[in-house]
Amino acid sequence: MRTTRKIATATFGAAAMLALAAGPAFADGSVNANLKPVPGSEVNGSGTAMVSVTGDTITVTMAAMGLLPDNPHAAHIHFGADARHECPVIGDDANKDGHLNTTEGGPAYGPIVVSLTKTGDTSAASGLAVDRFDTAQGGKISYERGSIQVAPEVADAISKGQSVVVIHGVDHDHDGKYSGDTKSDLDPSLPTEATDPALCGALRAAPTGGMATGDGGAAGGSNAALIAVGATALLGAAGTGVVAARRRRVEA
Ligand SMILES: [Cu+2]
């Protein structure tokens, strides 16, 4: 693993220059996000997410804690061309009830473009496929899924740092379950607690300084290694090496 990482890191400088030279048409790359509580959610949690883009496929790694335990948490990548490409602020609380529902966050992060399900379909159609999302045992989510097919414009938006990760499911009344009289804006058969955004983070390109040192910042060691592997993917021609490096990382 150590060897792999050194090689990958060493390749990065060249990859970065290549990406700069190639300009915006060069879409592959990696972005990451610090997940923070959505204002008004009363969630005391945090997390990180990382997405690497290769052509029209993405690999997503996500970890979060402080969520309502043992209940399904829908999680998505959101993007809208007209959105602010950010997490919502309390000023987005259109009905002034002190909480943000998913729709109220729309102007900030746009509609669902990828459903971070554990199995099966990952399109927006699976946005509320509660039986296929993580149930956050102990309030924690640890998620990794590769080979997720996305539309070309979505891959492009993610690479450009315009997409946002949102984990849903809150517990405003602190009764340990999704409940309450207010219905979900997404599915009136569910309480709004089941779908209100809990944690959010805008997926941005990783700062180069954090990758060079491999420590400090929010990325942390293993993320830095993943980012370096993603950067190696920029080299296109080094395709076989990338596959080998990815395998090694998964085994590590
Ligand atoms: Cu969402």
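Let me start with Ser-179, which at 15% relative accessibility counts as buried, where buried means under 20% relative accessible area, exposed means over 50%, and partly exposed is in between, with a 1.4 Å probe and protein chains only. This is a predicted model, in which local features need pLDDT of at least 70 and side-chain atom pairs count only at pLDDT 80 or more, whereas totals for chains, interfaces and linings use all residues. Residues are numbered from 1 along each chain as its sequence is written, and side-chain values use heavy atoms, with hydrogens and water left out.

Ser-179 sits in the loop between S7 and S8; helices (H or I, at least four residues) and strands (E, at least two) are DSSP runs, numbered from the N terminus. Its side chain makes a polar contact of 3.0 Å with the side chain of Asp-173, and a polar contact of 2.6 Å joins the side chains of Ser-179 and Asp-175. By polar contact I mean a pair of N or O atoms within 3.5 Å; within protein, one must be able to donate a hydrogen and the other to accept it, and residues adjacent in sequence count only if both atoms are side-chain atoms. Leaving aside neighbours within four places in sequence, Ser-179 is in contact, that is with heavy atoms within 4.5 Å, with Asp-173, Pro-191 and Glu-193.

Let us turn to S8. Which residue does the disulfide join to Cys-200? The partner is Cys-87, with an S to S distance of 2.0 Å, and a search of the whole structure finds 1 disulfide, a disulfide being a pair of cysteine sulfur atoms within 2.5 Å. The pair links distant parts of the chain, 113 residues apart, since Cys-87 is in the loop between strand S4 (75–78) and helix H2 (106–109), while Cys-200 is in strand S8 (residues 197–202). The link of Cys-87 and Cys-200 is left-handed, with -95° about the S-S bond. Cys-87 is partly exposed, with a relative accessible area of 22%, whereas Cys-200, at 4%, counts as buried.

The loop between S4 and H2 also holds His-85 and Lys-96. Most residues other than glycine have a negative phi. Here, however, phi of His-85 is near 60°, a positive value, and phi of Lys-96, also positive, is near 55°. Is each of them buried or exposed? His-85 counts as buried at 15% relative accessibility, while Lys-96, at 64%, counts as exposed.

Next comes S4 itself, a strand covered on both faces, with Ala-75 and Ile-77 buried on one side and His-76 and His-78 buried on the other. S4 pairs with strand S7 (residues 164–168) in the antiparallel sense over 4 bridges, where two strands pair if DSSP finds at least two bridges between them. S4 and S5 also run antiparallel, joined by 3 bridges. Ile-77 takes part on both sides, with Val-165 as its bridge partner in S7 and Val-114 standing opposite in S5.

Finally, Thr-117 is placed in the loop between strand S5 (112–115) and strand S6 (141–149), and Thr-117 is buried, with a relative accessible area of 0%. A polar atom of the Thr-117 side chain lies 3.3 Å from the backbone oxygen of Thr-119. Not counting residues up to four places away in sequence, Thr-117 touches Thr-122, Ser-126, Arg-132, Phe-133, Tyr-143 and Arg-145.
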